[in-house]
Amino acid sequence: MASKGKISIIGSGLIGRNWAMLFASVGYNISLFDIDESRIDDALVDIKQQLNSLESKNLLRGSLNAEQQFSLIDKCISMEECLRNSIYCQECVFEKLELKVQVFQQIDKYVDDKTVLASSTSCLLPSSFSANLNHKSQVIVAHPVNPAYYIPLVELVPAPWTDEKVVARTRELMTEIGQKSVTLKKEIEGFLVNRVQYSILNECYRLIAGDYVSVEDIDSVMCDGLGLRYAFMGPWETAHLNANGMKEYFEKYSKGIYDVSKTFGEIPKMEGATADHIANELTSRIPLEKLNERRKWREERLIAITQLKKTLDKH
Ligand SMILES: NC(=O)c1ccc[n+]([C@@H]2O[C@H](COP(=O)([O-])OP(=O)(O)OC[C@H]3O[C@@H](n4cnc5c(N)ncnc54)[C@H](O)[C@@H]3O)[C@@H](O)[C@H]2O)c1
Ligand SMILES: *[C@@H]1O[C@H](CO)[C@@H](O)[C@H](O)[C@H]1NC(C)=O
């Protein structure tokens, strides 16, 4: 097999493992580093098992078999070696600002002017950990959604000093590994996914706090209603089709949306009686000891939906 190039993964936890599998699926060599060597060993055992299990279910991505994909992933016990001749580095350490600052300072020492330096961070702004780096124009956030093997979205967030070429290169790589990237034009707290998610959580919370609806029924609004469409079209296309085009939608509904939106109320703190009520409702529906079982249930559905979308998109 001719080498496609080397990808460095810093941190071999849940997200590091996912990235390793995604890059290996199209034939990149992966160098997997973790400060805790035993975690790399654990990761390799887990990755091997996951790849074999995917293969047996016919869900393995790419054209290489599980063994070939696994052989592309190398354990690396020094960060310097991990980064040597790397074309792309994906940082996946704990979500702590001081740690990201420290890890990026280390990375900065070992890379040349070409390596893309991506962080998996879910909420830290790229400017917050890259400001003092020599290679700061190479830093970008590439935030995946868990489980990334089944959820293609990756949010790309540039810092104010990120080179446009780095953004383009990262976007290209994401497409190549079968992920769907969306690009922020500039950084903002919460990026896109969490801003949209939080606005939904806020309103669902207010409706329960105001005693308008049960926890179960508001969940149904998503999974038995809005969510079905949102699995394949966004809010704008939904609106476009719900009227005779977007222009008519605005003409017809803008005022109504504005009037209802004025009644939304304050940003909830999500603590106290309503929070307790929601937590109790959820734990009685899904007890904590059943969470893993329910996560499996979720995964099965995600896989089925992902496959259905792939099949439908072929026609
Ligand atoms: N878990 C998720 O659902 C999710 C989703 C999207 C993004 N993220 C982001 O991905 C990143 C990693 O999350 P995770 O869930 O994989 O965490 P994790 O706790 O599973 O793994 C983190 C790993 O980093 C290693 N580490 C710590 N310090 C290190 C250092 N100095 N050098 C090298 N390795 C070091 C740890 O040993 C550990 O193995 C975080 O920034 C997180 O916000 C997580
Ligand atoms: C990439 O991985 C393959 C398979 O393990 C290996 O034969 C090859 O030497 C690796 N290439 C590099 C540059 O590490």
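Here is a short chat about the cores and the domain interface of this predicted model.

Reader: Which residues have the most contacts inside the largest nonpolar core?

Author: In general, nonpolar side chains of soluble globular proteins tend to be buried together. Here the largest nonpolar core takes in 41 residues. Those with the most contacts inside that core are Trp19, Phe23, Ile30 and Tyr88.

Reader: Let's zoom in on Phe23. What does Phe23 touch, leaving out residues up to four places away in sequence?

Author: Phe23 is on the list of residues with the most contacts in the 41-residue core. Ile30 and Tyr88 are on that list too, and Phe23 touches both of them.

Reader: Now the domains. How much area do domain 1 and domain 2 bury between them?

Author: The assignment gives domain 1 as 6-183 and domain 2 as 193-313, with C-alpha centres 30 Å apart. Seven residues of domain 1 are in contact with seven of domain 2. Carbon and sulfur atoms account for 66% of the buried area, which comes to about 720 Å².

Reader: Which residues of domain 1 lose the most area to domain 2?

Author: The side of domain 1 that touches domain 2 has five nonpolar residues, one polar and one charged. Three residues together make up 58% of what that side buries: Leu59, Pro147 and Tyr150.

Reader: How many salt bridges cross that interface?

Author: Two residue pairs are in polar contact between domain 1 and domain 2. For salt bridges across the interface, though, the rule finds zero.

Definitions and conventions: Residues are numbered from 1 along each chain as its sequence is written. Chains are lettered from A and ligands numbered from 1 in the order in which they are written. This is a predicted model: local features need pLDDT of at least 70, side-chain atom pairs count only at pLDDT 80 or more; totals for chains, interfaces and linings use all residues. Side-chain values use heavy atoms; hydrogens and water are left out. A nonpolar core is a set of buried Ala, Val, Leu, Ile, Met, Phe, Trp, Tyr and Cys residues joined through side-chain atoms within 4.5 Å. Buried means under 20% relative accessible area, exposed over 50%, partly exposed in between (1.4 Å probe, protein chains only). Contact means heavy atoms within 4.5 Å. Domain bounds come from an automatic or database domain assignment. Buried area is the accessible area (1.4 Å probe) that two parts lose on being put together, summed over both. A salt bridge is a side-chain nitrogen of Lys or Arg within 4 Å of a carboxyl oxygen of Asp or Glu. A polar contact is a pair of N or O atoms within 3.5 Å; within protein, one must be able to donate a hydrogen and the other to accept it, and residues adjacent in sequence count only if both atoms are side-chain atoms. Ala, Val, Leu, Ile, Met, Phe, Trp, Tyr, Cys and Pro count as nonpolar, Asp, Glu, Lys and Arg as charged, and the others, Gly among them, as polar.
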